[in-house]
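Visitor: I've got a structure to look at and a few things I'd like to ask. Could you walk me through it?

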Amino acid sequence: MNMVSEVWQSHRTQVTFAIMATILLFVGFNQSWPLALGIFNLCVISSIMALGVNIQWGYAGLFNVGIMGFAALGGLSVVLISQQPVTEAVEAGGFNMLIALILGVITVVVGVVLHNKKFNKWIVFAAIFLGFFAMRYFFADGANAIEKVNPAGTGYLGGLGLPVLLSWLVGGLAAAAAAWSIGKITLGLRSDYLAIATLGISEIIIYVIKNEDWLSRGVKNVTGLQRPVPYELQLQQAPWFQDLALTVGFGVREFSTIFVKLCYAGFFVTILVGLIIMANLALDSPWGRKVRAIRDNEVSAAAMGKNITRQHLQIFVIGSAIVGLAGAMLVTYNGLLNPTSYQPLRFTFLIWVMVIVGGSGNNLGSVVGAFIIWFLWIQAGPMGLWVAEVISNIAGEQSAVTLFIEDRVHHLRLVFMGGIMLMVMRFSPGGILPEKNKEL
Amino acid sequence: MVSESVDILNAFALLTNFIIVPAIAYGSQLALGALAVTLIYSILRFSNFGQGDSMAFGAVMVILMLALFQSDWANANFGAILPPFEFLSFVPTALYALPFAVVFTAIYLLVMDKLVYQHYRRIKAKPITVCMVSMGLMFVTGGIVRIINGPERMTFDDGARFLFSVRDFKEFTGLTQGIAIKTSQFLTVTMAILLVAFLFYFLNKTKTGKSMRAYSDNEDLALLSGIDPDRVVRVTWLIVATFTAIAGTLYGLDKGFLPFQYHQLLLPIFASVIVGGIGSPMGAIVGAFVVSFSELFLTYAYKKFLIYLLPGYVPDSLVQLIGVEYKYAISFVILVVVLLIRPTGIFKGKVV
């Protein structure tokens with residue numbers, strides 16, 4: 001017993017990762033390899049999101065309640081960058097939209113300039129109001145025209161038709177831009193204003209994606225997104241692939257899904273490892289020392305001449321960009337943008353549980369947390385069914401109790417996940433892999 | 001000439017019916033929620049993200065009690081629930097269930113305080129950490145609400161639907177546009193006035209209320225003068241539970257019960273609190289009305305109003321400034337504008 005705890009204390013990271021690998025192999029051998037790889041890929045994407053949040057919370061103590069919104073911005077970027085443009089729609093409403101966009105930009109710029117030049121705030125307000133009306137006039141016409149073009153098939157502008165990998169980068173940049181504007185307004189004020197503002201912006205991003213059909217097809221979803229990896233059908237027909245499947249000893253069809261998922265895994269793992277290496281290098285650099293000094297004692301750091309608000313803004317933008325990147329990767333992996341899938345529970349809350357459980361402030365911790373929580377989340381469905389089955393055996397198949405439980409049991413996972421988060425925060429605030437105390 | 005002035009009256013009747021009356025009711029519901037948030041903020045010193053879901057919890061307790069009232073068991077043992085006076089027959093049954101819901105919500109919040117928040121007070125955690133804990137609790141509460149009542153929309157208002165309906169108003173005044181007041185709207189405003197009056201009396205006149213204000217202003221000095229912090233915290237949660245359960249029930253009576261909608265109320269509530277000045281009860285009320293009136297004024301389609309007001313002019317669109325689907329975005333814009341222009345809010349709240 002003593003030895004076990006000793007090994008655990010000295011090799012926490014290695015032991016945790018070994019356990020994780022074992023669980024995945026277990027799923028692979030016992031259930032199926034595509035399932036195991038699917039879990040693995042989503043774990044890696046969640047890890048990247050958790051890493052972004054961990055940078056904000058663990059490095060700077062910034063509470064981001066809008067993870068969902070930043071991830072959705074990444075997802076929207078995939079559509080806007082990689083989809084083929086719908087030429088008819090562009091011809092129908094593109095000009096009006098362009099004018100509306102230009103007017104919108106002019107309005108914002110004029111508003112900011114007037115505000116900075118200390119004009120009366122009513123003049124600023126009137127200018128913005130006028131600009132808004134002018135923009136809305138062109139916008140309404142454009143949106144109507146675009147949505148009328150083949151609403152069942154397209155009904156939106158489409159994208160730029162550029163490679164999908166570029167859209168991941170753009171997704172990160174879009175999230176960074178949103179984070180910058182939010183951070184610029186709220187950082188430097190009370191610490192929970194940032195939380196409230198991120199909550200607001202994320203809800204609004206989701207409303208826009210859901211309601212602006214000309215932009216994202218709204219709840220009609222955009223399907224068949226471009227992929228950075230080959231399609232299963234093409235692989236199944238290629239002779240070299242059939243030979244390969246034969247050598248490995250899988251059926252061609254099963255091996256094609258495995259192969260595609262492995263390709264994705266290659267992309268995702270490369271990005272995750274790259275980000276973690278960069279994050280760890282940054283934490284050990286003078287920049288990292290400054291960040292930790294600010295986090296641990298704002299007053300002293302300010303006295304040493306560090307600009308705290310600017311530092312917080314920088315960290316907030318970096319973290320959100322990583323979340324946006326992960327959001328773009330997720331949409332690419334799913335192959336569709338489905339606005340109704342953006343639920344605060346799935347995106348904001350689950351990622352937070354991952355960060356807290358894994359260990360805030362420790363980059364590897366967010367990987368561990370993402371893995372454990374995602375695995376529990378996936379398995380919560382079967383577990384709930386199992387509970388329902390046990391109860392139906394006791395209470396009888398058609399009894400009121402059984403029907404009630406079957407109907408409601410999946411809401412138990414909210415309570416369950418919330419409970420895990422509260423317990424970890426209460427009894428082991430460091431999480432599974434606590435941050436190591438580094439010498440400053 | 002006569003018809004023109006009648007048209008103007010019609011136009012304003014239209015505005016009153018579709019904007020002013022609903023905005024007053026919605027504002028009162030927001031104000032109760034915002035008062036709860038502001039109280040927790042000034043005494044327990046964190047922003048409570050669980051407010052919306054706690055309100056849903058209060059409403060669910062009412063729904064549970066209603067189911068109990070209307071069950072065969074209750075009818076056999078106590079007879080049907082009847083109003084004590086004839087003139088109270090317009091009141092929905094939910095109102096009789098409300099006291100029970102307040103008690104259950106109070107028990108729930110006090111237990112959660114003991115289990116969760118007490119620890120963070122003892123270790124003097126940073127406010128932002130407690131804020132995050134409250135988000136964890138928000139999802140637990142949301143889960144409980146959905147387990148009890150499912151995630152679907154339901155209504156639980158009975159009794160008379162209108163205090164006076166459009167038809168009554170039209171017969172009374174002879175206008176073509178009517179003003180209706182729903183029972184739930186009337187109840188909302190009455191109860192909000194009573195509760196707010198009680199709160200201000202309590203905070204300003206009673207000894208416990210004064211000790212709460214002292215604790216909020218300067219914790220150390222309050223402790224030094226012998227104020228029992230545990231008691232202050234307990235009383236705060238009791239008041240918060242009362243406001244939360246009542247606000248949740250009134251909102252549910254007015255707009256129907258949908259758990260996710262309560263979750264989304266968080267944004268307008270926070271906007272109200274910050275617009276008014278966080279920590280200031282008066283500010284929370286004013287902020288709530290600012291938010292509710294802007295929401296309704298900006299999302300109303302003015303076509304009919306303009307037709308009445310400008311005879312002979314028929315606009316070709318709905319003349320709606322912002323689509324209804326963006327109503328929560330308005331709260332956010334108000335929030336951002338206040339943070340840009342006057343971060344302390346209208347009534348100078350706490351900014352540190």
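Visitor: Let's start with two helices. Are α2(A) and α3(A) roughly parallel or antiparallel to each other?
Guide: Keep in mind that this is a predicted model. Helix α2 (residues 12-30) and helix α3 (residues 33-60) of chain A pack at an angle of about 150 degrees, with their axes 6 Å apart. Angles over 145 degrees count as roughly antiparallel. So the answer for α2(A) and α3(A) is roughly antiparallel.

Visitor: Over to chain B. Are α8(B) and α10(B) roughly parallel or perpendicular to each other?
Guide: Helix α8 (residues 207-217) and helix α10 (residues 229-255) of chain B have axes that come within 10 Å and cross at roughly 105 degrees. Angles of 65 to 115 degrees count as roughly perpendicular. That makes α8(B) and α10(B) roughly perpendicular.

Visitor: Which residues of α10(B) make the contact there?
Guide: On the α8(B) side you'll find B:Thr208, B:Ser211, B:Met212 and B:Tyr215. The contact as a whole divides into five nonpolar, three polar and no charged residues. The α10(B) residues are B:Pro229, B:Val232, B:Val235 and B:Thr236.

Visitor: Now the two chains together. Which element gives the most to the side of chain B that touches chain A?
Guide: Here 37 residues of chain B are in contact with 35 residues of chain A. The elements of chain B giving two or more residues to that side are α4 (94-122), α5 (127-149), α12 (266-276) and α15 (327-341). With 15 residues, the one that gives the most is α5(B).

Visitor: How many residues on that side of chain B are nonpolar?
Guide: Two residues there are charged and eight are polar. The nonpolar ones number 27.

Visitor: Last one: how many Å separate the centres of domain 1 and domain 2 of chain A?
Guide: Domain 1 of chain A covers 2-85 + 158-427, and domain 2 covers 86-157. Seven residues of domain 1 are in contact with 12 residues of domain 2. Taken over C-alpha atoms, the separation of the two centres is 33 Å.

Technical notes. Residues numbered from 1 in each chain as written. Chains lettered and ligands numbered in written order. Predicted model: local features only at pLDDT ≥ 70, side-chain atom pairs only at ≥ 80, totals over all residues. Domains from an automatic or database assignment. Contact = placed C-beta atoms within 7 Å. Axes fitted to C-alpha atoms, helices over the stretch in contact; angles between N-to-C directions. Helix = DSSP H or I, 4+ residues; strand = E, 2+ residues; numbered from the N terminus. Parallel < 35°, antiparallel > 145°, perpendicular 65-115°, else oblique. Nonpolar A, V, L, I, M, F, W, Y, C, P; charged D, E, K, R; others polar.
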